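Load the model in your viewer and keep the selection panel at hand. Each stop below says what to pick and what is there.

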Amino acid sequence: MEQIEEAVRCALNPGSDRTVKAQATEYCESVKASTEGWQVCLELFTNVPARTPEARMFALQVIDAMIMRSGIRGNENRAPERLEITHKTLLKFVSTHYAGPGYQSEIPFLKNKLAHTITLLGLASYPAQWPTFIKDLVSMTGFPDTTGPITEDSAKAVNMATINPLLVDFLLKVLSSLDEEMVNPTVPRGSEEMARNTDIKDAMRVEDVSRMAHVWYSVLVHMATSYPDLAKTALKLMGVYVSWIDINLIVNEPFMRIVFGLLKTSPGLRNQACHCLTEIAGKGMRPMEKLYLLQFISIIDILKQLSTDDVEFAEMTGKLVNVSAVELKNIWVDKSSTTPEACSTAYAMLEQLMPLILSLLAHEYDEVSSTVFPAINEILGVFKKMQRESVALSASQQDFLSRLLPKLVDKLKYDEDYSWPTAVDSSAGDGDGSLDEDDEEVVFAELRRNLRVFIDAIGQISPGLYDNVILNTVHSIFKQCNQFGVSSERASDESGEGSGRLGWVRAELAIYLTQAYGERLSSNKGLRFNAPKQSDGANAGGSSNANGASANSIDSLSDMLTMMIHSGVISSSHPAIATTYFENFVRFNGYFDVNRDVVTPVLTSFLGPTGIRHPNSVVRPRIWYFLHRFVRQLHQQVLPMYSSDFIPAVIDLLDIRADASRIGDLSAAAGGYGLFDSQLYLFESCGIMLSPAELDENTRMSLLQHLFNPLFSGAQRLMNQKSTEQILQDPRALLQIHHYLTAIGSIIKGFPDVRVDSKVVSASSPHQLSPSTAQVFVKAADMCIAILEALQGSQLIREAARFTLSRMLSVLGAEALPYMPRMIDGLVSSCAVDELSDLLGFLGLIVYKFKPDIALTASKLLLPVISKVYGFLDQVSQEGATGTDEAVLLQDLRKAYLTWVVAIFNSDLDSMFLTPQNAPHLATIFQPIASQLATDPSNPQCQRLAFNVLFKAIQAWMVDPLGWHTVATLTPAALAALNKAGSSSEAGSRCAMRQVVAQKLDIALDGPAAKEARGQFKALITKTAVPACFEAPTHREFRITDAQASLVVTEISAVLQILLLAGMPEIAEGNGSAVAAMPAPQILAPPIGGNLNRNQFASYLCTAFFPGVGCPTAMATEFVQALASLDQKQFKKYLSAFLTNGGGGGNGTR
């Protein structure tokens, strides 16, 4: 024992020598695993004097391990003998050492652990080896061994002089542990363990559960006053055991009398007594039995007598009311399992509970109110069903709704003592613009969401009631605000609710109800605001209906918004007001389409002291966002009249100061750039205000200079103050320059994209920008490129430049394309893997949008970008990924790269690969795609993309080398239309983009240079792509039944079929006329036709490839015939079977 005790001490001592600690831990594990260690540990635990608590705890763990090795039913490896010795020794220890002061001095965690160990012994031995498990535990306490029904005389047989409260406490601990191990639904259990537990419960129901019930009853009768903790535990156990024991053992007159007495007269026990009744009421039973149970315990009468003055008890009462109401509702609606009389009785009882539900809902504390939410939800669910089935509500049901809705609305209000974030400083430069919501805010937001569900349900059940309550509430509050004003500090109304100066709580409620009303209308059938009309608003919501947004309802919303604007409620600077107020204008922006006269007051409030200059530093950035959304949604013709006032009004908020707290972690992905992220909304809003063509050009130029000059001069000043090396070593300077560039990009983002029609031959279009505006943007582009070239070693600068220059391209269009080479060179030379992935996505969008104008520029960038991609991939293939994060980034890079190559083909820019600069590198570009990316089973998405690249390249250079048709993926409907049209001349004129691109690149598609390049590509396909089609799906890690892998097989099927099409003599040996005559040679439509013996690809498969891999001639011939005769879907199925079973469409074996 001493050795074990010392080993435990060394293993747990953080100051122990590492080697000694490892040896001690190893020794302890060996004791736990040995077959005899439990005996020593049993002696160690029961030793007198007691060993150290740590050693005794370890001893119980060793005993637990022995019990677990004995099997689920304790009958393995001579277990019964060991288990009997153990339980007798431990019970003897409990009865002697826990009967006196030793129990009180015992460390609590050891008492709990011993109770758990005895529980495990009981579960392993009861009832076969230890049938007296419960009886032995009860007898230790001094309670008489009593079973059978509980009567008034049951407690009289108890001699309290013989009862040991300490052992009673230990017994209750064992029973609690027994529930945890055997019944608790949150504990996962295997099927064998569940079967054993079922057998144990069946055995306990014979007598032992009755024995336990007598103990609980005796504890409540004799010990509730002197030992309230024991009574509390007994009530808790009654609640957890009632789910599976005979309900009559507890629900009888003697038991219920004592429970009801505790409920009414014992402040210390009434909470647990109420919880016990809640568990009893919620016990799973047949409807008729449940109704009898609720009637027997007189649940309605009990609840009516309970006081809810104490918050904690009110919460418990609410849970009991809730469960009772839900159970009664279930009985009421269950017509199949109950009688009509039972249904009527259940509903009558439920009606008696409704006042209690309303009372609890109106409780001051939300914790109490929320307890009855499930009951309200169930009741409203029944009413909604009745409404859908056109069953009229009774007068009492209508009355319940009329009393329920105002209480729900009132509950939407903030508490008057709600604590809001403190406004640190009113200046724009303070605060980080983020909303750090505490628990209180999260809980209240969830409460409001639940209340909204109920309120909207009533709106569906009784639209007239809904409109009457909501509209009257909102109108009265805004009217009061208009007459008496609104307070920023005072929560309640000045002269009582509804009188005097309005407090911020009810002011916020009216704004929130306006939003809720509009959202409900929008969720039905959308909002279409009507032109304003003269109306006194007296019956604003009279013709609402539950099936959609009626004209009257929309007019009511319009009236509410108008009242909100003119009420002056936004004059309150309380944080609760402004956010929802301005959000309403964004949510219901259609209102301004027909009410343009209110744009002026709304924009004035946005720009006022409680708008973008709100004193609360948390609210202020949020309003900047809403301002951006608001001006973005306004009609273009409305903006010019406000532009001249808008820019000067916000200019002082555009001062950029790098947040020093962000310098240590300069990455937008790591959490943003603080307040500057919100400032960008203001910059973009300024751009939007200056974008309308109707704006006077001189005004626009003046305001643009007002915006851009500080940004230009700020960036240039920093660049001139220090050398490039010094700036790169100065995080604050880099962050400041980053902000200047990003702000420029955000202003430009406010201008609309240049109109580019990618379906026409040329992407050049009339420019939307005036020459003077374009000149300003070009100047910005020059500065951005210059800064990028100087500071390309900084990821911050590359990030800002990519954002700003991408906006330049979108707005300037083809005029910005000359900047592309310098931009890409600056971004690619020093970029990280994740940057390159983002850049490839951007390039894919650019090549598609600006085709064919971008062809020459993009062709020059092709090799540098591809070299960078393969550089990263080669480095990892040689050195390996440094971690999971890098591996994920590289997978993203592979996907982005292949997606970019697909985008080039889909944009019909495939001639880029055939320029004199790029053609010699075709093998370098496509061999890794075919031999590595297409055969790597670790990423099926990349495999699919790789085969898709090969498919498109084969289509472009082996099927249609003269560019008669588009390479872009066509929908099945488009393909069907083209194939149905069948006119070669129409197809050629409609899909000549590839030929236009070739002309722009000065490439003769039928010239010797192009033919030589395509010949090299054909040889590469034969050498690498064809083997890849069979290697990839036969890799040991490739799961052909997986959904992603199935898509890979689809692409492989398409590659093989397009190769067979390319092998047709009229295509492989022709002059292109056969292809020109095809409507859409994109997807093979078998039968292929012609003589397969003359098909180059078919011959290669039969005479070279399949013999080279040992495939029988008959199988190879069958494969080629299937390839030529089956459509794409059928061939994919055949190919899957061929790869899985070794050929023959599933008839052969591997």
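The tour runs from the whole chain to single residues.

**Ground rules.** This is a predicted model, where local features need pLDDT of at least 70, side-chain atom pairs count only at pLDDT 80 or more, and totals for chains, interfaces and linings use all residues. Numbering starts from 1 along each chain as its sequence is written, and side-chain values use heavy atoms, without hydrogens or water.

**Whole chain.** Colour by secondary structure. The chain has 52 helices and zero strands. Both are DSSP runs numbered from the N terminus: helices are H or I with at least four residues, strands are E with at least two. Now colour by accessibility. Of the 1150 residues, 53% count as buried. Buried means under 20% relative accessible area, exposed over 50%, and partly exposed in between, using a 1.4 Å probe and protein chains only. Contact means heavy atoms within 4.5 Å. Among contacts between residues at least 6 apart in sequence, 75% join residues at least 24 apart.

**The core.** Select Trp-216, Phe-255, Phe-777, Tyr-897 and Phe-926. They have the most contacts inside the largest nonpolar core, which holds 398 residues. Helix α42 (residues 940-959) gives the most to this core, with 13 residues. Such a core is a set of buried Ala, Val, Leu, Ile, Met, Phe, Trp, Tyr and Cys residues joined through side-chain atoms within 4.5 Å. Zoom in on Tyr-897. Setting aside neighbours within four places in sequence, its contacts include Leu-840, Ile-866, Tyr-870 and Leu-933.

**Two helix pairs.** Two packed helices are described by the angle between their axes and the distance between the axes. Axes are lines fitted to C-alpha atoms, for helices over the stretch in contact, with angles from 0 to 180 degrees between N-to-C directions.

Show α21 (residues 395-411) and α22 (residues 439-461). Their axes lie 10 Å apart, at an angle of about 150 degrees. That makes α21 roughly antiparallel to α22. Residues making the contact include Leu-404 and Leu-408 of α21, and Leu-451 and Phe-454 of α22.

Next, show α26 (residues 575-587) and α28 (residues 599-606). The axes come within 11 Å and cross at roughly 140 degrees. α26 is therefore oblique to α28. Tyr-581, Phe-582 and Phe-585 of α26 meet Val-602, Ser-605 and Phe-606 of α28. Angles under 35 degrees count as roughly parallel, over 145 as roughly antiparallel, 65 to 115 as roughly perpendicular and the rest as oblique.

Most residues other than glycine have a negative phi, and most peptide bonds are trans. Go to Pro-49, in the loop between α3 (37-46) and α4 (53-69). The bond from Val-48 to Pro-49 is cis, with omega near 0 degrees. Jump to Pro-852, in the loop between α38 (833-849) and α39. The bond from Lys-851 to Pro-852 is cis, with omega near -5 degrees.

Now pick Ser-390 and Asp-908. Ser-390 has phi near 60 degrees, and Asp-908 has phi of about 60 degrees. Buried or exposed? Ser-390 counts as exposed, at 67% relative accessibility, while Asp-908 counts as buried, at 5%.

**Last stop: cysteines.** Select Cys-1102 and Cys-1111. The Cys-1102 sulfur is 9.1 Å from its closest cysteine sulfur, in Cys-1111, which is too far for a bond. Cys-1102 is partly exposed, at 30% relative accessible area.

Definitions and conventions:
A disulfide is a pair of cysteine sulfur atoms within 2.5 Å.
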